[in-house]
Amino acid sequence: MGRRAVILAGLLASMGVICPTRAGRTSQNTPQLARWLERFPAADTNRDGILTATEANSYRQGRRQSNPTMKPTHADVSYGPHERNVLDFWQAASEAPAPLVIFIHGGGFVGGDKSLANDAHCRQCLEAGVSFAAINYRFRNPTPLTDVIRDLARAVQFLRSEAETLNIDKTRIAVYGGSAGAGSSLWLAFHDDLADPDSPDPVLRESTRVTAAGALSTQATYNTDRWPEVLNMDPEQEVFSAWRKSQNRLAGDPGAAAKEAAAKKFLDMLAHMDADDPPIYLNSQGPDEPDADIVHHPRHAKFVKKKCDELGIEAILVVRETPRDERVEVIDFLLTHLRVLA
């Protein structure tokens, strides 16, 4: 059994989804199942937007019986100076330079790793003649979130710098991920290019811009002062106070007002959006309720979608109420905008 299958099996088992006495649990009445529906939408086999305990158990069994994890063409490639600045790369069989999809793992910037990449997504890309990469990055304790985000940008730049060696089409690179990986993908899509043509480091001379981005259970911004506005909730709620304290730790030195303000501006992807930004895919199928998880609340995605519409940025939004026949899968969306699928 692959590492991700083991993790999934253990977490599902801890949720009790294989226990017959809990068979009545669904994503509508069990928060853990709701979160797993967000992370593993394919587990909802009948596509009704509700994950049952039976479906979760079947999905777990299917993952246990699936093919072993595909070995990358190049594993643990260093793209920066830190020990977590490493990535795995799967090279597509292509005579011409191939497009590239980059997976950014979630975990709240405090956990997770590149092994969480979805095998099926990797296979779909390779079968379409698109290379695939999965990256690690530093965690936010003790690294400021501004520097964590720069790790992600550097990974994109590094892969571009190795385009000839890895047979990559530098003009067709997409990013996606879930949770922290989702917000990071939006940050890369919306932020201005960080390329520094005068840098002594050839990696930093490369562009950080991407062709398309996919965000699964995203956050709208990492300036958490804006979350009450995004979620249309009372800013005096205790949960927002806790996040503001967290923001101060992430942004750098909370005693330096100028540094803190600069960091918040840097981390606010909403503030960097403009009409030249690439197409965006948003999928957030949690309940749109005031007491729902504020970190993965669907109002984050809905807020981003609304702003995209105002600016003329192409954006697809998949939420709980989206009709099944109108839903699009994230890899299909990315491959379409990489000009691989019609």
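This is a predicted model: local features need pLDDT of at least 70, side-chain atom pairs count only at pLDDT 80 or more; totals for chains, interfaces and linings use all residues.
The crossing of α5 past α7 is right-handed. On the α5 side, the contact is made by I149, L152, A153 and V156, while α7 brings in S184, W187 and L188. Sorted by type, the residues of this contact come out as six nonpolar, one polar and no charged.

Helix α5 has another residue worth a look, F158. With a relative accessibility of 11%, F158 falls below the 20% cut-off, so it counts as buried. What does F158 touch, once residues up to four places away in sequence are set aside? The list is V77, S78, Y79, L87 and V203. Take Y79: it sits 79 residues away from F158 along the chain, yet the C-alpha atoms of the two are separated by 5.9 Å.

V77 has L87 of β2 as its bridge partner. Strand β1 (residues 74–78) pairs with β2 in the antiparallel sense, over three bridges. Strand β2 also has a link to strand β4 (residues 131–135): these two run antiparallel and are joined by four bridges. Here F89 stands opposite A133 of β4.

How many of the residues of β2 (residues 86–90) are buried? Five of its five residues are, so the strand is mostly covered. In a regular strand, side chains alternate between the two faces of the sheet. In β2, V86, D88 and W90 are on one side and L87 and F89 are on the other, and all are buried, with both faces covered.

Further along, the loop between α7 and β6 (212–216) holds T211. Is T211 buried or exposed? It counts as buried, because its relative accessibility is 17% and the cut-off is under 20%. Leaving out neighbours within four places in sequence, T211 is in contact with T171, R172, I173, P278, P279, H337 and L338. With T171 there is a polar detail too: a polar atom of the T211 side chain lies 3.1 Å from the backbone oxygen of T171.

Most residues other than glycine have a negative phi, and most peptide bonds are trans. Where does the model go its own way? The peptide bond from N141 to P142 is cis, with omega near 10°. P142 belongs to the loop between β4 and α5. N232 is not a glycine, but it has a positive phi of about 55°. This residue is placed in the loop between α8 (227–231) and α9 (238–251). N232 has a relative accessible area of 66%, so it is exposed. R339 has a positive phi as well, near 65°, and is likewise a residue other than glycine. R339 lies in the segment after α12 (330–337). Its relative accessible area is 57%, which means that R339 is exposed.

Terms used
Residues are numbered from 1 along each chain as its sequence is written. Side-chain values use heavy atoms; hydrogens and water are left out. A crossing is left-handed if the near helix is turned anticlockwise from the far one by less than a right angle, and right-handed if clockwise. Contact means heavy atoms within 4.5 Å. Ala, Val, Leu, Ile, Met, Phe, Trp, Tyr, Cys and Pro count as nonpolar, Asp, Glu, Lys and Arg as charged, and the others, Gly among them, as polar. Buried means under 20% relative accessible area, exposed over 50%, partly exposed in between (1.4 Å probe, protein chains only). A polar contact is a pair of N or O atoms within 3.5 Å; within protein, one must be able to donate a hydrogen and the other to accept it, and residues adjacent in sequence count only if both atoms are side-chain atoms. Two strands pair if DSSP finds at least two bridges between them.
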